[in-house]
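Thank you all for coming; I would like to walk you through one model this morning, taking a few local features in turn. Please have the sequence and the coordinates open while I talk.

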Amino acid sequence: MSTAPRICPLCEATCGLVLTLDGSRVTGARGDRDDVFSRGFVCPKGAAFPQVDADPDRLRTPLVRENGRLREASWEEAFDTIAARIRPLIEDHGPDALGIVLGNPNVHTMAGALYPPLLLRASGTSNLFTASTLDQMPKHVSSGLLFGDPFAVPVPDLDRTDHLLVIGANPLDSNGSLCTAPDFPGRLAALRRRGGTLTVVDPRRTRTARLADRHLAPRPGTDALLLAALVHTLFAEDLADPGPLADRTEGIDQVRDAVREFTPEAVAPVCALDPGTIRAVARELAAAPTAAVYGRMGSSTVSHGTLANWLVDVLNVLTGNLDRPGGALFPRSATAPAPRPAGPGRGFLLGRRRSRVSGHPEVKGEFPLAALAEEIDTPGEGRIRALITIAANPVLSAPDGLRLDAALASLDLMVCVDPYLNETTRHADVLLPPPPPSQSAHFDFAFNGFAVRDQVRHTPAAVPLEAGRMDECEIHARLILAVSGMHGAPPSAVDDLAVDATLAKAVTQPHSPAYGADPKEFAAGLGGASGAERRLDLMLRLGPYGLTLDELKAHPHGIDLGPLKPRLDEVLNTRTGRIELLPDPIAADLPRLRAALTAVPEPGTLQLVGRRHLRSNNSWLHNTPALNGGSNRCTLQVHPEDAERLRLADGGPARITGAGGELTAEVEVTDAVRPGVVSLPHGWGHDRPGTRLSVAAARPGVNVNQLLDGTLLDPLSGTAVLNGFPVEVAPLAPAPLL
C-alpha cells in the first residue's frame, strides 16, 4: 500500500486528496490535511474518486464506426481515420463545415485547458460552442463590458467579508462555481461565527438558504428586477458610496437614471416580495463594514441573465466593495500573464460575427450551444458537416436534445474525445477515450483564476499510464495534427509551436519577464518531462509570481500565495481605462427589463427551476454507484399547495409539458420550493439505446431540457434560459383498461 496526493477534478472546489494505492489501483481517497487550500476538506464526490477512476464502463481503447457499428480500434487506425476524412471535408466545404463543442469536464483537465485553443486555430473554424452558454456566459459578458476583460471575474472574499449576499446559487450543494472555494460550508460557518450576515435569494429553500440570516424567495427569473430595486434604493436613500472607486468609474449618474423606475414598489408584484424587505436588504448591504454580492446559475440561466450579473457588480461598486478586502476581488493566478501597465486597453466587443441560421451574435468567440442543432440540420452553404466534441454531452445538457440527437446522426463525420459511450458520443465515427484521472497529471488553469485565495498546486499522475492507454495531452496533440494536415508529425511538434508562438510575443512586451530575451535560449531553459509540462513551466515563468515547475513540484501540497489583494489597475482593460458602469449593450437591453415590470404571471402559473445535487455534476457522475442514490434523485419538487390544487400525489407520476415537449417524472411534495414553482434537476435522461452507462441507465431519470425548444435565450450572452420558464403539470392519467 502507498499514498499519492491528487487534486480532485470532479467539481470547481479543486480540493486536495490523498489517494490510497494498491499497486496501480486506487482503493481510497481522503481529504489532504496538508493541502494549502482545502486543508483536509472532502465532499462525497471526492470520496468517490476510486469508483469514478475504476468505472468498468470507461472506454479503454478507441472506437471506430464501420458498417454502422462502433468497434474497437488501435490508436493508429483511429487517427488515420480522422486525418483521412476531416481534411478533405474542410478543403471541399471550408473550415466552417467543422464545429467544435467543449463540455464542462473539459476545464477540469490540463489537456482541456492547453489544447482546444490550438485546435481552433488549426481548424480555422468559427463554429465554437461550449457549456458556457448553458451556465456562466452572462458573467463573462458583464465582466467584459464593465472591466474590458471577460475573464476578470470578481469573486467574494469569503474569508474576510462581513456580509455575503448570494443570489441564485446553492454552494453547499454545488461546492461553488466561478468562486473556487474548498469547504464552502466551513467558510459560511466561519462567516456566521465572526458575526457576519448571510442573505440568500433563491425560490427554493436550499441547504444554503437554510443557513441564511435572511432568505428571500422571489419568483424565478426576476433576479435582475430585484437587483435593480436594490440599486435604486441605494441611490434614493443616499446610501451609494463607491469611495475610491468613484474616481475610477464612468457612468454612475447614468446608472442612477437607468434604475429610476425600478422602485421596490414597482418590482414587488413581479418578484412576489415585500417592498420593505427589499429596502431592508439594500440598507443592510450598505451598512455592512464589508460586503460582497455573489450570483450564479439561478441568476445567469434566465431571460435577463447578463443584466442580473451586471447589477451584481454594480452593487459591489456602489457600496465601495469592489476590489476591497472583504468585498469582491480579482484573483491573481500563477499562470495568468504578467500584468500590463495600467491605462486604456482594447476593451471587449460583442457580435463580431453572427451565426448562419438565426443570426445569433458571437460572444467571446462562441455561438449559443442551443443553436448547434439548427447549424447542422438546416441545409445551405456553411452547414456544419463534421463535429468534434471534447468532454461534452449536449444531447442532455442543451435544450431540445431530441432535435440535436437527430442532427448528430446526420453528420458526415463526428469525432469525440470522451471516456464514455454516452447519449452524445454514441453518434461518433471515432471515439478517443482519455485515461482515468489517476493516470493524468493535474493543474487548474481555469479555476485558479476564480479562487477565493491565491495559491498554486500541481499533482503528477498518481499511477503510471496503463498499457494500451494514451495520455490525454497526446490525444489532443494528435487530433490537432490530424485536423491541421500534419498527421504523422510527432505530438511534441504541437507543444513546440505553442511555446515558440508564446515566446515570440512575450519577448516584445516590456512588462513580460521574457522581454528582450532570446526565444530559443528561454525555451531551452524550460523544464518538464512532456510538452504539456514545458508549457506549464513557461506559463509559470511568464506569470505574475515568476515561479517554475520545479518549485511547484517541490511543494506537493501547493504553495500558498496569500489572501486576495486589490489589483483593479492590473485588471482594467476598457478603452477608457476605467470601470464603465453603464456600457452601451447593457443600456440597450434595459427597455426589455422595464417591460418585465408588468409581467406578473396569471394565478396558477407554474415556473420550473433546476437544482444542484451534492452527489452530482451535470450529467457526468451518474454512472458512479456511490453518487447515484440518496438525495441525488430525479424528482419533480412541488409545493404542497400546488400539489393539492393539481391533485398530485407524493411519489406518484406527473406529466410536465413545456414548449419543447413533455416528460413524466415522480412527484416529490415539499415546501422547499415556493408556491408556483416546480423543480427538476439538470443532467438526467440516460434512457437512450446505444450507450454504455450501466449504472446511470438503471436510474435514468428524465431530461429536463427537453421541455425547452431552444428559442429562449438571454440576447446579450446567448445563454439558454434553463430556469424560470413556464410549464404545465398534471397527474398522469392511468392507462385505460383493455
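**Loops, helices and ring pairs**

Let me start with D238, which is exposed, with a relative accessible area of 67%. This is a predicted model, and that should be kept in mind for everything that follows. D238 sits in the loop between α10 and β12, the latter covering residues 249-250, and its phi is near 55°, a positive value in a residue other than glycine.

A second residue of this kind is R39, whose phi is likewise positive and near 55°, again in a residue that is not glycine. R39 belongs to the loop that runs between β3 (25-31) and α1 (44-47), and because its relative accessible area is 54%, where the cut-off for exposed is over 50%, R39 counts as exposed.

Positive phi values also turn up after helices. Helix α12, residues 264-271, is followed by A272, which has a positive phi near 60°. Within α12 itself, P264, V267, A268, V270 and C271 are buried, and the buried residues of this helix pack against α10 (223-236) and α13 (275-287).

How many of the residues of α15 are buried? The count is 14 of the 14, so α15 is largely enclosed by the rest of the structure. The length of α15 also agrees with expectation, because 14 residues at 1.5 Å a residue should span 20 Å, and the C-alpha atoms at its ends are 20 Å apart.

Turning now to a helix pair, α3 (residues 75-93) and α19 (residues 472-484) pack at an angle of about 35°, their axes being 7 Å apart, and the crossing of the two is right-handed. On the α3 side the contact involves W75, F79, I82, A83, I86, R87 and I90, and these meet I475, R478, L479, A482, V483 and S484 in α19.

A pair of aromatic rings is described by the distance of the centres and the angle of the planes. With centres required to lie within 6.5 Å, the count comes to five aromatic pairs. One of them joins W75 and F79, whose ring centres are 6.3 Å apart and whose planes stand at 20°, so the pair is stacked. Both residues lie in α3, four residues apart, or about one turn of the helix, and both W75 and F79 are buried.

Another stacked pair is formed by F184 and Y294, at 6.5 Å centre to centre and with 25° between the planes. This pair links distant parts of the chain, since F184 is in helix α8 (residues 184-193) and Y294 is in strand β13 (residues 292-295), 110 residues apart. Are these two residues buried or exposed? F184 counts as buried because its relative accessibility is 1%, and Y294, at 5%, counts as buried too.

I will finish with T711, which lies in the loop between α27 (694-698) and β28 (713-714) and is exposed, with a relative accessible area of 58%. The C-alpha atoms of T711 and D55 are separated by 37 Å, the two residues being 656 residues apart along the chain.

Conventions:
Residues numbered from 1 in each chain as written. Predicted model: local features only at pLDDT ≥ 70, side-chain atom pairs only at ≥ 80, totals over all residues. Heavy atoms only, no water. Axes fitted to C-alpha atoms, helices over the stretch in contact; angles between N-to-C directions. Left-handed = near helix turned anticlockwise from the far one by under 90°. Contact = heavy atoms within 4.5 Å. Expected span 1.5 Å × (residues − 1). Buried < 20%, exposed > 50% of the residue type's maximum accessible area, 1.4 Å probe, protein only. Phe/Tyr/Trp six-rings, centres within 6.5 Å; stacked < 30°, edge-to-face > 60°.
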